[in-house]
Amino acid sequence: MAKRVAIIGAGSSGLCAIKACLDEGLEPVCFERSGDIGGLWRFEEQPEQGRASIYKSVIINTSKEMMCFSDFPIPDDFPNYMHHSKIMEYFRMYARHFQLLPHIRLRVRAARGPRRRAGGGHLRPPRFSPCGPPRSPPAGIEKFQGSYLHSRDYKDPQAFTDKRVIVIGIGNSGSDLAVEISQTAKQVFLSTRRGAWILNRVGDQGLPMDVVFTTRMNKIISSLMRDMVQTLHRPDSSLCPCRFLHQHPTINDDLPNRIISGRVRVKPNIREFTATAAIFEDGTTEDNIDAVVFATGYSFAFPFLEDCVTVVENQIPLYKYVFPVHLEKPTLAFVGLIQPLGAIMPISELQCRWATRVFKGLCALPPRHDMEADIERNPRHTIQVDYIPYMDELAEQVGVRPSLAGLFLRDPRLAAEVLLGPCTPYQYRLRGPGRWHGARAAILTQRQRIIKPLRTRHVEEDAAASSVPLLAVLLAAVAAFALLLAYV
């Protein structure tokens, strides 16, 4: 049975790994190569070698109720979508509240992984390095006389004032940079190999989009309709792919406005560069290009674990994206090595809760051939997971998946919110190991925490018009539950 656990990195995944170890009575030792906690979310004016980096204006694209740790709600007066400085403030609150800091050794770099022996465990958040320029950059990049950089080196738009700039990549970083640079640049071109689905942060009634979208009821309905809706096509935009959410969506509130105003022009993939121009795959050319930003993502590597795991083309076979299957004993786990359709922090936390129970011998992994078969059933070309199904899958392993049937019998009000409301992380603290007695209250008050930062001035409300009777909510929940039983 594991007693001491080495944790590499004190970012968001490392912090909840320390907490999970302490909850299970294990002894965590967290090694952080830099001088502070926070990982990616700690802004630095100059990028650090080997560490992903953010720019000055970054705002997270998942809302606070969906991204918080499951037994520590983000304060109700914090904005729903937080600037990186507020995220760091939350991390420090979390670390102080659960007394995590004494278990962190700063400015210590792991050179070699721990030897495999009984009595030890190892939790490893991924180490990311910039990919760009890509492994196969456009031909002629060496002849290009302008400047080019990876998005990790970008900090603010002033360096691009009055310039003609190409941003390569349609992900969240590429879209954000195209929008921000277009505020000072003469012209921005956004180059993409394929389209993307662009979603706003703000959904119905001014609520966060992920709160509106990420519900168990929506997941049931979308599962029922999946076979009915094969393809969707929108010919009115050069951004849209032909399959709805066939790839990871991009969250950006301003990109459509910048495109429709001509400040950002969408272009296809670049075929080659000349000294001053870019030639695109459709044969068009843009001359007098001053700068290129490669928002081409990151690769991950584990150089000190080369005798344990092998990464090939950004792929590593892991059971449920956590455990290597070939080790003699399950004493090594990877945390946060996923790209979720939803918030990553609660997923990392649940991965840690599962891993520490495996280390301790309280949860057993299946035989190796069963784990390999499970890996083969998952798409090998992606680390993308869907938030609710994957969280439920992990919760089954830990024994904390909420029971809708049991909740409807014992607590109909709570059951209605679990089924119809946002699938917030507190749902995985209602029962089983690690149960938190504040989970019920956190779920029933989550809407107040969402609305609180939006009410910055006093407005007289019509109570009759603005409230929905509890009976109506319960009736809707009962009808939804009946639908669930009938079709699932």
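Over the ring of which residue does the charged end of Arg201 sit? The ring is that of Tyr81, and the charged end of Arg201 lies 5.9 Å from its centre, where a charge counts as sitting over a ring if NZ of Lys or CZ of Arg is within 6 Å of the ring centre and within 35 degrees of the ring normal.

Before going on, a word about what we are looking at. This is a predicted model, in which local features need pLDDT of at least 70 and side-chain atom pairs count only at pLDDT 80 or more, while totals for chains, interfaces and linings use all residues. Residues are numbered from 1 along each chain as its sequence is written, and side-chain values use heavy atoms, with hydrogens and water left out.

Let me stay with the rings for a moment. The charged end of Lys19 sits over the ring of Phe98, 4.5 Å from its centre, and Phe98 also belongs to one aromatic cluster together with Phe69, Phe72, Tyr90, Phe91 and Tyr94. Rings of Phe, Tyr and Trp (its six-membered ring) pair if their centres lie within 6.5 Å, and planes under 30 degrees apart count as stacked, over 60 as edge-to-face and the rest as tilted. By this rule the count comes to 15 aromatic pairs. One of them joins Tyr94 and Phe98, edge-to-face, with 5.2 Å from centre to centre and 65° between the planes. Tyr94 itself is buried, with a relative accessible area of 0%, buried meaning under 20% relative accessible area, exposed over 50% and partly exposed in between, with a 1.4 Å probe and protein chains only.

Helices (H or I, at least four residues) and strands (E, at least two) are DSSP runs, numbered from the N terminus. H1 covers residues 12-23, and its 12 residues reach 17 Å from the first C-alpha to the last, close to the 16 Å expected at 1.5 Å a residue, the expected span being 1.5 Å times one less than the number of residues. H1 is mostly covered, with 10 of its 12 residues buried, and just after H1, Gly25 takes a positive phi of about 75°.

Five strands form an open sheet in the order S6-S15-S7-S8-S11, with parallel pairing, where two strands pair if DSSP finds at least two bridges between them. Strand S6 (147-150) and strand S11 (264-267) stand at the edges, each with a single partner strand, so one side of each is left without a neighbour in the sheet.

Strand S7, residues 164-168, is mostly covered, with 4 of its 5 residues buried. S7 is joined to strand S15 (residues 291-294) by 4 bridges in parallel, with Ile166 opposite Val292, and to S8 by 5 bridges, again in parallel, with Val167 opposite Leu190. Strand S8, residues 187-191, in turn pairs with S11 in the parallel sense over 4 bridges, and there the bridge partner of Leu190 is Val266.
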